[in-house]
Amino acid sequence: MDSNKLLVLIINDMVIFPNNEVRLEYDNNYDYQMIEIVNKINDDYMLLVNPIDDSANIDITSLPNYGVLGRLKLKINVPNGKTRIVIEGLQRVELQNYISDGKLYRANYKEIIIPPTKEDEKYANVLIKALERYIDKVPYMGNAIMNQIDGIDNLSDLCDLIASFLNIDYPHKKKYITTISPLERAKDLIKDMNEELKFVELEQKIESEVEKELNKTQKEYFLREKIKIMQQELGEVNSKDDEVIKLKKKCAKLKCSNRVKEKINHEIARYEAINSNSPELGMIRDYLDWMLNLPWNTYTKDTEDLSKVKSILDSSHYALEDVKERILEYLAVKQNTNSLRSPILCLVGPPGVGKTSLAISIAKSLNRKVAKISVGGINDEAEIIGHRRTYIGANPGRIIQGIRKAQTANPVFIIDEIDKMTKDIKGDPASSLLEVLDPEQNNKFSDHYIEEEFDLSQVLFIATANYIEQIPYELKDRLEIINLSSYTEYEKLDIAKRHLIPKELEEHGLTPLQVQIDDDCIMSIIRNYTKEAGVRELERVIATVFRKIVKKILLEKDCTFYNITYENLEEFLGKKKYLYLDNQIEEEVGVVNGMAYTVFGGDILKIEATLYKGKGELILTGSLGEVMQESCQIALSYIKANLEEFNINREVLVNNDIHIHFPEGAVNKDGPSAGITITTALISLFTNKKISSSISMTGEITLRGRVLPIGGLKEKVIGAHRAGIKKIFLPQDNEKDLIEITEDVKKDIEFIFVTNYSEIYQQIFN
Ligand code: ADP
């Protein structure tokens with residue numbers, strides 16, 4: 001059949017691929033080409049051809065060199081003057097020698113034979129994979145084709161089947177008929193599918209984003225509506241408008257100055273005007289919250305009855321006469337003059353001696369509220385005076401925060417740990433605090449966040465600190481320092497009996513009829529279960545005892561009375577933690593008791609010296625500060641300069657290295673008070689004479705042997721007493737301080753005051 005000319009069916013809008021069937025319908029009155037061809041068709045075969053250029057008029061030149069041999073498979077007349085046919089594509093053919101009778105075209109055709117190559121097989125696989133991916137990703141593609149390609153091993157047929165199936169536009173599809181090489185077609189198909197995939201993915205992405213956005217807004221809308229309905233049900237209509245009305249009402253009631261009111265109203269107006277979605281909304285709301293809740297011009301009235309104040313202070317705190325006195329003076333003068341700047345008190349002393357609790361009692365006795373902040377560790381002045389409002393997450397400083405909590409403008413304001421502030425690049429909190437405390441300025445205190453002035457002049461500031469030396473000097477200048485020192489054990493006994501035990505009994509729901517605790521027992525708690533300058537630990541231990549009693553009463557119902565004695569104390573508290581007088585009297589060479597001032601109040605600090613063959617080097621250990629290291633060198637030089645007087649053989653010093661150690665090596669030690677102790681330890685070492693452990697001493701030494709005074713005498717003596725020391729050497733200049741020591745301590749100790757080291761030498765070594 002290849003040499004016979006066949007009729008050409010020119011198709012303009014679709015492509016019929018080999019191995020593909022197409023159903024068509026045409027109108028018997030109009031579709032001239034179809035009518036003629038179908039009528040004249042020879043052996044049912046024809047040539048299916050798509051013109052090269054669809055827009056041009058059809059002539060021989062516009063017809064391509066390749067087309068498809070087709071067959072008319074079926075022809076049925078259907079109603080309405082139409083005919084339905086089915087045309088089947090058979091194979092791709094080369095077309096030659098077109099002729100036309102003016103209406104229809106005919107042409108010769110030639111079979112195209114392309115032998116399969118190895119590459120075909122590879123590409124067939126790649127093509128199938130690409131198709132699978134394509135079907136998987138493109139939502140509108142069914143997978144029926146997968147059944148059809150099953151078993152097709154010819155790349156050309158595979159390409160034709162896939163091309164007929166794909167959703168490709170007509171000009172593109174046409175190209176797949178005229179491209180003869182199956183390899184080329186396969187590559188083109190893969191490319192087309194990938195492009196379509198990209199497009200589909202982009203489409204899906206856009207769709208999902210649109211959907212997400214829609215979902216979010218719908219969800220938010222839905223939730224908002226729900227909240228509104230719930231609020232209405234609860235009678236809490238909370239729209240911004242209602243809130244603004246509430247804010248305005250609250251502002252009208254404030255006792256602040258007109259200027260502050262204006263500022264608040266201005267902010268309320270801004271709040272009202274601002275869009276509900278603006279991030280600034282929350283910031284303005286927070287600011288309003290602060291402004292409307294500060295105790296502007298709100299004061300409590302001080303108790304005027306001085307005796308009442310005194311009795312409240314006495315009932316809450318034992319001793320501490322200086323502070324109580326100072327408070328009474330303040331009140332007296334205030335009543336007398338009717339205007340008085342508050343003093344700024346600073347209570348200095350070791351932990352647990354009652355600084356904070358006394359300040360709270362002062363507030364109670366005056367009928368004032370309490371504000372309490374700690375400035376320990378603060379290194380940023382914004383902590384004191386606030387951040388500017390432009391700063392993200394801005395807040396007022398701690399002063400304003402304390403005032404707000406106290407809800408009055410004249411509270412007793414406790415500032416704890418004033419000695420533990422630090423200074424760095426963020427500013428100097430001490431100087432900001434100075435502004436707060438300075439009576440000249442603090443009636444116009446301006447916090448950076450609040451922006452408006454707040455009057456702090458009626459506040460009674462009470463600062464607390466552990467070490468007076470560490471209070472920033474500019475602050476120290478403004479403060480009325482009141483020292484609270486360690487309690488002796490007899491004072492602790494009194495405090496326990498009069499204050500701590502009654503207080504703890506009450507807190508544990510016990511009565512004195514249920515529990516008896518004798519003095520020996522309290523003393524044993526003080527000596528064997530606590531080691532501190534104050535009474536905080538003591539209070540805790542007493543609470544532990546009472547807690548156990550409450551438990552026993554509830555469990556063993558028959559027992560209603562408990563007598564706690566020295567003998568049965570261990571039942572409640574376990575083994576003794578500190579053995580009082582554990583400093584059993586012994587004698588040693590090169591070991592001497594020094595005296596230190598620590599957080600526990602005073603304590604004894606042993607100094608050890610030893611020597612061994614060497615070249616006269618001095619080795620120091622025990623975490624010593626510079627001053628202590630120098631003390632060691634001075635002591636050694638002083639001894640070297642007076643070898644004969646002390647009966648020391650020079651050889652000992654030349655042929656040995658000397659090592660001085662301060663035990664509890666990890667604890668930092670510094671301060672000018674160990675000179676005479678080091679000297680004594682060294683002389684003992686060099687002369688091989690033993691020193692009794694019942695002796696202790698404290699005092700700095702000069703190169704000439706002069707003994708200089710020391711600080712913290714009371715603490716040190718109490719600590720030495722606790723350790724069972726019987727004899728203490730002290731600088732002559734400290735004799736006046738002995739007045740601070742109670743008789744019950746003094747009676748157990750022999751004090752020897754010296755001005756020069758030779759006096760100590762006489763006493764110990766001669
Ligand atoms: P500080 O502030 O000095 O560290 P606290 O004020 O917290 O010490 O006191 C610790 C506990 O000791 C408080 O319960 C306090 O009541 C009690 N306390 C301290 N000193 C006395 C005292 N002189 N009289 C009565 N109780 C005291």
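Biologist: How much space lies in the second largest pocket?

Modeller: About 760 Å³. Do keep in mind that this is a predicted model.

Biologist: What makes it a pocket rather than a cavity?

Modeller: The way out decides. In a cavity a 1.4 Å probe fits but cannot get out, whereas a pocket is an open set of points. The space taken by the ligand is the second largest pocket, so by that definition the ligand's space counts as open.

Biologist: Which residues line the second largest pocket?

Modeller: There are 33 of them, and His317, Gly354, Ser357, Lys503 and Glu539 lie nearest its centre. Helix H10 (306–316), H12, strand E12 (460–465), H17 and H19 each give two or more residues to this lining. H17 gives the most, with 7 residues. By class, the lining has 12 nonpolar, 11 polar and 10 charged residues.

Biologist: And which residues come nearest to the ligand itself?

Modeller: Lys355, Thr356, Ser357, Arg536 and Glu539, out of 19 residues around the ligand. At least two residues of that shell come from each of helix H12 (355–366), helix H17 (489–507) and helix H19 (536–555). The shell holds 8 nonpolar, 7 polar and 4 charged residues.

Biologist: How much of the ligand does the protein bury?

Modeller: The protein buries 90% of the 560 Å² that the ligand exposes when taken alone.

Biologist: How many cavities of 30 Å³ or more does the structure hold?

Modeller: It holds 5, and the largest cavity has a volume of about 80 Å³. Its lining includes Glu586, Val591, Asn593, Lys606 and Ser693. Strand E16 (587–589), strand E17 (591–598) and strand E21 (690–692) each give two or more residues to that lining, with the largest share, 3 residues, coming from E17.

Biologist: How does the lining of the largest cavity divide by class?

Modeller: Into 3 nonpolar, 3 polar and 4 charged residues.

Methods. Residues are numbered from 1 along each chain as its sequence is written. This is a predicted model: local features need pLDDT of at least 70, side-chain atom pairs count only at pLDDT 80 or more; totals for chains, interfaces and linings use all residues. Side-chain values use heavy atoms; hydrogens and water are left out. A residue is near a molecule or strand if one of its heavy atoms lies within 4 Å of it. Accessible areas come from the Shrake-Rupley method with a 1.4 Å probe; for residues, only the protein chains shown count as cover. On a 1 Å grid over the protein atoms alone, a cavity is a set of points where a 1.4 Å probe fits but cannot get out, and a pocket is an open set with protein on both sides within 12 Å along at least five of seven lines; lining residues have an atom within 4 Å of a point. A molecule sits in a cavity or pocket if more than half of its atoms lie within 2 Å of its grid points. Helices (H or I, at least four residues) and strands (E, at least two) are DSSP runs, numbered from the N terminus. Ala, Val, Leu, Ile, Met, Phe, Trp, Tyr, Cys and Pro count as nonpolar, Asp, Glu, Lys and Arg as charged, and the others, Gly among them, as polar. Grid points are joined across faces, edges and corners, and a volume is the space filled by probe spheres set on the points.
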